[in-house]
Amino acid sequence: MKLDPDVRAFYERGMEADRLLGGMPSGPLELERTKELILRHLPSGSSLLVLDVGGGPGVYSMWLMDTGHQVQLVDPVLLHVEQASAAGIEAKVGDARALQQGDSTVDVVLLLGPLYHLQDAGDRDRALREARRVLRPGGLLFAAAISRFAALLDMLVRLDRLNDGVMPIVAEAVRTGVFRGGQDVFTNAYFHLPSELRREVEAAGFAETQIYNIEGPGFLVDNFEERWADPARREVLLDAARLVESEAEVLAAASHLLAVARRPNTGR
């Protein structure tokens, strides 16, 4: 199973290492909210074995290690694996659709990137079923997706920076979920509707599924860096996200979605 060449080339530029730390305007909001949602669901007082699938350079892996968990990272991009290894993370090249871990061997699976670079529904199902396979009964899945309307909303915010060829790409994504960005406009991806993400997770055998709007409306604000640097304004951005994180009517008005689900204690 191979990674889309355009996706590989996009990530081999090395930008992912800084994206969540400020390389992308709203990256810090995505990072803090994702960490907050993960912590809300992890059992306290336990050292867990976490598999970070598609974990990139290891931002979330390092955070979880610092909080006392054991982490293994797999990613299809060699550069990411090298960056994660250099940071002291146990990291290997791997594919979300064909994990090397044994059945029922990990407590938590992070799937915070693969679903939005697998445009084929069958590939997404394989990735989710692999996550379920390696999880112990009762284990937790955290699976991120890009919202169906993220590119449209982002385009309106950054209108003066876009070329005339973007609208057809965005329009196709709104209609079908398929985003054909190549290497110039983000990259090739799949954008989910919240209900679709829930269906895919549950079809793969997960239970107790919850879907969250990660960033809330804050990813759309102007002068994001300035607002985030101000502690009071930063808290407003976080509070706004918390306020609507589970509101069904606005789930799709998001940049990223997070599915939290559990492998049932019974069944294979």
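## Basis

Residues count from 1 along each chain as its sequence is written. In this predicted model, local features need pLDDT of at least 70 and side-chain atom pairs pLDDT 80 or more, totals for chains, interfaces and linings use all residues, and side-chain values use heavy atoms, without hydrogens and water.

## Helix 3 and helix 4

Helix 3 (residues 27–41) packs on helix 4 (residues 59–66) at about 45 degrees, with the axes 12 Å apart. Helices are DSSP runs (H or I, at least four residues), and strands are too (E, at least two), numbered from the N terminus. Axes are lines fitted to C-alpha atoms, for helices over the stretch in contact; angles run from 0 to 180 degrees between N-to-C directions.

In helix 3, Glu30, Leu31, Thr34, Lys35, Ile38 and Leu39 meet Val59, Tyr60 and Trp63 of helix 4 (contact: heavy atoms within 4.5 Å). These residues comprise six nonpolar, one polar and two charged. Nonpolar means Ala, Val, Leu, Ile, Met, Phe, Trp, Tyr, Cys and Pro; charged means Asp, Glu, Lys and Arg; the others, Gly among them, are polar.

## Helix 3 and helix 11

Helix 11 (residues 231–244) crosses helix 3 at roughly 50 degrees, and their axes come within 11 Å. Leu29, Glu32, Arg33 and Glu36 in helix 3 meet Leu237, Leu238, Ala241 and Arg242 in helix 11. This contact has four nonpolar, no polar and four charged residues.

## Lining residues

The lining of the second largest pocket divides into 21 nonpolar, ten polar and nine charged residues.
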